[in-house]
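Here are my notes on the model you sent.

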Amino acid sequence: MTTHAPTDDDPRALASIAVLWAAVLLGLAGVAAFAAVVLAPLVAATAEPFREGHVPKDSPLYLRSTVRPPGVLHLAGSGTNLPLTRALADAFTARNPGVNLVVYESIGSSGGVMAAYDDVVDLGLVSRPLREREAALGVVTIPYARIPVVAAVNLHVPDAAITSRELVDIYAGRKTRWSDGSPIVVLQREPGDSGHRAVGEALPAFAEADAQAYRDRRWRVILHDRAMQEALAITPGAIGLIDPGVISLERLPLRALRLDGIDANEASVQSKRYPFFKDLAFVAVEEPSGLAAEFVRFTLGDEARALMRAHGYVPLPEVQ
């Protein structure tokens, strides 16, 4: 049997088409009604947050995104903060055995700010001033320590001191050998690193030499704090910018060079005779409460201050 498709003149086909169009029109009317009753208020309510690019704290969409078990505190951010923060966390949990503080590997100061704002962690860790767009988020910043930035060298290096001019000449490629004639191996951090920024702000000639070295690809650039520590420790003749706190806490085989005859210690940092330093701070999406507030209070107490001083940090509330 051969079946033929109905033609437009077939009454049955015309009737079927009419029924089909009626169903389509009824469906469209239903969709329109749903959009008017349900979707329109939602779009109106959420239009402003989407235009702003972030969710304001007074928006109904601003909800805590991460549910955590009680007794657990999560911290992440700048690699500079990690050695001290981990030492403080160990001391805190020793006094409070029922709690657990999780300090993640470095995600940088920018990562710490956004992780705190997005409620991925309870406290972010930063080692530089907030950028304008970060401050605009309205996060709470709680400084807790200041640490010098030093030119640190591999233990094979014979020199124990350096001048500001020599530091600039080393990064500019003009000074290439140590006092015994051995080659200087410069290890450079990535642009925007907080240590390089701190030195560059206090010594503009270094900032210029540093930037030119990036453009010329003159030195090996190391992207992470841990990698920098390891590279300095195993590379004969190496020099790089680091903080003495990590040298002490991690017992690294490195030596901090005196700068212009001045040791990087609490007194010289307090007086600013030693010019290179950076501040460490916690960042939170709102004023810390619960376990986060307890930990912050601990870091400002006598036990934490003593720990900081023992490893070359300056408790920030005491900085003039």
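1. L167 touches A151, I162, V199, F206 and F276, leaving out residues up to four places away in sequence; contact means heavy atoms within 4.5 Å. This is a predicted model, where local features need pLDDT of at least 70, side-chain atom pairs count only at pLDDT 80 or more, and totals for chains, interfaces and linings use all residues. Residues are numbered from 1 along each chain as its sequence is written, and side-chain values use heavy atoms, without hydrogens or water.

2. The largest nonpolar core has 38 residues, of which L167, I170, W178, F206, I239, I242 and F276 touch the most other members. Such a core is a set of buried Ala, Val, Leu, Ile, Met, Phe, Trp, Tyr and Cys residues joined through side-chain atoms within 4.5 Å, where buried means under 20% relative accessible area (1.4 Å probe, protein chains only). Elements giving it two or more residues include β5 (150-154), α5 (164-172) and β9 (238-242). The largest share, five residues, is from α5.

3. Another core, of 30 residues, lies apart from that one; L84, V103, V140 and L280 are among its members.

4. The axes of helix α6 (residues 194-202) and helix α7 (residues 204-216) come within 5 Å and cross at roughly 135°. The contact is made by H196, V199, G200, E201 and A202 of α6 with P204, F206, A207, D210 and Y214 of α7.

5. E134 is in helix α4 (residues 132-135). At 4% relative accessibility, E134 counts as buried. Neighbours within four places aside, E134 is in contact with S110, V113, R128 and V139.

Terms used:
Axes fitted to C-alpha atoms, helices over the stretch in contact; angles between N-to-C directions. Helix = DSSP H or I, 4+ residues; strand = E, 2+ residues; numbered from the N terminus. Buried < 20%, exposed > 50% of the residue type's maximum accessible area, 1.4 Å probe, protein only.
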